[in-house]
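Dear colleague,

Please find the structure below. A short account of the findings follows it.

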Amino acid sequence: SKGNIEKGNFGEKFIKNYIKDKFFNSEIVDTHKETSYGDLFFKYNNLNTLIESKNVQNLKKDDFIKFYHDIELRANNNEINSALFISLTDSNLVNNSKYFVLDFKFNIPIIYISHVFNNPEFIRFSIIILENIIKNMKFKNNEQKIQDFISQIEIISSMIVSHFNYINSDKKL
């Protein structure tokens with residue numbers, strides 16, 4: 001019953017409060033009113049993460065195009081080393097996938113998560129994964145170590161998605 005602005009503000013506040021609660025020694029800045037900064041900027045240990053929040057039933061291609069534009073600009077300026085796309089609803093992510101997707105664009109790891117209102121722990125899980133990826137990316141001169149690490153994350157990601165698909169089909173039964 002609320003308008004898009006109110007729903008967006010509510011979603012950003014939900015994410016911000018969750019992150020503050022779980023990562024109490026982090027810094028989180030509301031950037032949704034700034035051009036090409038995403039909705040939130042999250043700084044924790046070695047992470048500098050651009051966070052985009054969506055609280056809509058259906059994501060559009062333009063949502064991802066803007067997200068990529070913001071990432072490219074901030075990554076090229078060395079302002080961020082990771083990005084997190086959070087859909088609060090049970091909407092499809094990139095390539096019509098759901099729940100969790102790991103990707104690399106513009107030389108940084110990007111995680112997409114959905115259905116976060118019902119599974120807020122996805123945020124914590126994603127931040128921990130991004131933190132570990134950034135730690136392991138210090139092996140830039142050893143491409144094989146990076147590829148092995150990414151392969152392991154992709155296997156874990158597939159297992160997580162299949163587990164949630166299994167849980168959802170159990171709920172329907």
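**Findings**

Of the protein's 173 residues, 45% count as buried, that is, under 20% relative accessible area, with exposed set at over 50% and partly exposed in between (1.4 Å probe, protein chains only). The model is a predicted one, in which local features need pLDDT of at least 70, side-chain atom pairs count only at pLDDT 80 or more, and totals for chains, interfaces and linings use all residues. Residues are numbered from 1 along each chain as its sequence is written, and side-chain values use heavy atoms, with hydrogens and water left out.

The protein has four helices and six strands, in the order α-β-β-β-α-β-β-β-α-α from the N terminus. Helices (H or I, at least four residues) and strands (E, at least two) are DSSP runs, numbered from the N terminus.

The second largest pocket holds about 320 Å³ of space. A pocket is an open set of points on a 1 Å grid over the protein atoms alone, where a 1.4 Å probe fits, with protein on both sides within 12 Å along at least five of seven lines; lining residues have an atom within 4 Å of a point. Grid points are joined across faces, edges and corners, and the volume is the space filled by probe spheres set on the points.

This pocket is lined by 19 residues, and Glu-12, Asp-39, Glu-52, Ser-53 and Lys-54 lie nearest its centre. Helix H1 (4-22), strand E3 (47-54) and helix H2 (61-76) each supply at least two lining residues; H1 gives the most, with five.

Yours sincerely
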